[in-house]
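Here are my notes for you, written as a colleague would jot them down. Keep the viewer open while you read.

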Amino acid sequence: MRHEHHVFHNPPSSTPAEVHAALDRGDLSAALDAMVGTALYGDGEWTELQELHLQLLGHEDHQVSALAATCLGHLARVYRQLDERRVVAALREARSLPHIRGTADNALDDIRLFLHPRRARWHGRVWTAVRPWTWI
C-alpha cells in the first residue's frame with residue numbers, strides 16, 4: 001500500500017482580478033488558491049471581496065461555488081463586517097444545492113460567530129443545555 005504525504009499551505013494574498021484571470025484561462029487550481037488568498041489576509045476592500053464571492057457562489061464549477069461560500073465565512077472572520085442581509089440570503093439560497101449545503105452552513109455559523117459573538121455564545125450555552133435531552 002502506498003501512502004502519500006500532502007503538505008498544507010496557505011496561498012498567498014490575491015486580488016479579485018487574479019481570480020478572474022485564472023478562471024478566464026481555465027486554471028482551476030490557481031483560481032481556487034486566489035479565491036482563498038483574497039479572503040484570508042484582509043488585503044483590499046471587504047465590499048469588493050464580498051461581491052466577488054457572492055458572484056462566484058453561482059459559478060458553474062462546483063468547487064468554485066462551494067469555496068465561495070467558505071470564503072464568505074472567512075470574510076466575516078477577517079473583516080468582522082459584511083452586508084449581512086444579502087450574504088445570509090445568498091447562503092441560505094445556496095443551501096438548496098447539495099454540493100454547497102455543508103459549506104454554506106459553515107459560513108452561516110462563521111457569520112453568526114464573528115458578527116454576533118454574544119448571540120453565538122448564548123446559542124452555544126442553550127445547545128449545551130438541551131443537547132443531552134435530544135436523544136430521547
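1. First, some housekeeping. This is a predicted model, where local features need pLDDT of at least 70 and side-chain atom pairs count only at pLDDT 80 or more, while totals for chains, interfaces and linings use all residues. Residues are numbered from 1 along each chain as its sequence is written, and side-chain values use heavy atoms, with hydrogens and water left out.

2. The big picture: the protein chain has seven helices and zero strands. Both are DSSP runs, numbered from the N terminus (helices are H or I, at least four residues; strands are E, at least two). Along the sequence the pattern reads α-α-α-α-α-α-α.

3. How much of the chain is buried? Of the 136 residues in the protein chain, 34% are buried. Here buried means under 20% relative accessible area, exposed means over 50%, and partly exposed is in between (1.4 Å probe, protein chains only). As for contacts (heavy atoms within 4.5 Å), residues 24 or more positions apart account for 62% of those in the protein chain with a separation of 6 or more.

4. Now look at H4, residues 62-79.

5. After H4 comes Arg 80, in the loop between H4 and H5. The phi of Arg 80 is near 60°, a positive value in a residue other than glycine.

6. Which helices do the buried residues of H4 pack against? They pack against H1 (16-24), H2 (28-40), H3 (46-56), H5 (84-94) and H6 (101-115). Among the buried residues of H4 are Leu 67, Cys 71, Gly 73 and Tyr 79.

7. Two packed helices are described by the angle between their axes and the distance between the axes. Axes are lines fitted to C-alpha atoms, for helices over the stretch in contact, and angles run from 0 to 180 degrees between N-to-C directions. H3 and H4 pack at about 155°, with their axes 8 Å apart. That makes H3 roughly antiparallel to H4 (over 145 degrees counts as roughly antiparallel). Among the residues that meet are Trp 46 and His 53 in H3, and Val 64 and Leu 72 in H4.

8. Met 35, Thr 38 and Ala 39 in H2 meet Leu 49, Leu 52, His 53 and Leu 56 in H3.

9. Find Ser 14, in the segment before H1. Is Ser 14 buried or exposed? Ser 14 is buried, because its relative accessible area is 8%. Its side chain makes a polar contact with the side chain of Glu 18 (2.8 Å). A polar contact is a pair of N or O atoms within 3.5 Å; within protein, one must be able to donate a hydrogen and the other to accept it, and residues adjacent in sequence count only if both atoms are side-chain atoms.

10. Finally, Gly 37 lies in H2 and is buried, with a relative accessible area of 1%. Not counting residues up to four places away in sequence, Gly 37 touches Pro 11, Pro 12, Ser 13 and Ser 14.

Key
Parallel < 35°, antiparallel > 145°, perpendicular 65-115°, else oblique.
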